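The sequence and structure come next.

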Amino acid sequence: MKGMYGWVGFKKKEIFYDAEERVGGVTKFNFRKLLKLAIDGLTSFTTAPLTVSGYLGAAFALVGFIYGVIILIQTLFFGKDVPGFPSIMTAVLFLGGVQLLSLGIIGTYIGKIFKETKNRPLYFVEEVISDEK
């Protein structure tokens, strides 16, 4: 609900109060339920994690590509033997980055579809001024 209050965009005022001790026993919210509520709140109002995964994927793919170019230059121009570890790391970094980038792109599309299906208005009108009499 906190996300809905901020999304609506009405004027807000902070009210300070002292919270009373709970009268009705103990809360039923444990850590797992609170974590689920937090994740639901995060994923319901933003597609930022999807965008971050896309950027991370692009960064990993770029690092893998640069690492591969460095290994190739060392092998071709300096005659350095390439053991299996650098070539495997290059493949894992590059292909893992491409996969994460692809998931970020697909996730961003799905996030936009999700936003569209909520049928939320693009904006709220605070005041209408009309010339009609």
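## Salt bridge

The count comes to 1 salt bridge, where a salt bridge is a side-chain nitrogen of Lys or Arg within 4 Å of a carboxyl oxygen of Asp or Glu. The side chains of Lys36 and Asp40 form this contact, with an N to O distance of 3.0 Å. Side chains of opposite charge can pair when their charged atoms come close.

Asp40 and Lys36 sit 4 residues apart in helix H2 (residues 31-45), so about one helical turn separates them. Helices (H or I, at least four residues) and strands (E, at least two) are DSSP runs, numbered from the N terminus. Lys36 is exposed at 53% relative accessibility, and Asp40 is partly exposed with a relative accessible area of 34%. Buried means under 20% relative accessible area, exposed over 50%, and partly exposed in between (1.4 Å probe, protein chains only).

## Model and conventions

This is a predicted model: local features need pLDDT of at least 70 and side-chain atom pairs count only at pLDDT 80 or more, while totals for chains, interfaces and linings use all residues. Residues are numbered from 1 along each chain as its sequence is written, and side-chain values use heavy atoms, with hydrogens and water left out.

## Positive patch

Arg22, Lys28, Arg32 and Lys33 form a positive surface patch. Patches are made of residues with over 30% relative accessible area and no salt bridge; like charges are joined within 9 Å, and nonpolar side chains (Val, Leu, Ile, Met, Phe, Trp, Tyr) within 5 Å. Lys and Arg count as positive, Asp and Glu as negative, and His and the chain ends are not counted. The place of a charge is NZ of Lys, CZ of Arg, CG of Asp or CD of Glu. Accessible areas come from the Shrake-Rupley method with a 1.4 Å probe.

Arg22 is exposed, at 52% relative accessibility.

## Fold and burial

The protein chain has 4 helices and 0 strands, in the pattern α-α-α-α along the sequence. Of its 133 residues, 10% count as buried.

Val63 lies in helix H3 and is partly exposed at 45% relative accessibility. Val63 and Leu93 are 30 residues apart in sequence, with a C-alpha to C-alpha distance of 7.1 Å.

## Confidence

The average pLDDT (the predictor's confidence in each residue, from 0 to 100) of the protein chain is 82, and 88% of the residues score at least 70. Where pLDDT is low, the predicted coordinates should not be read in detail.
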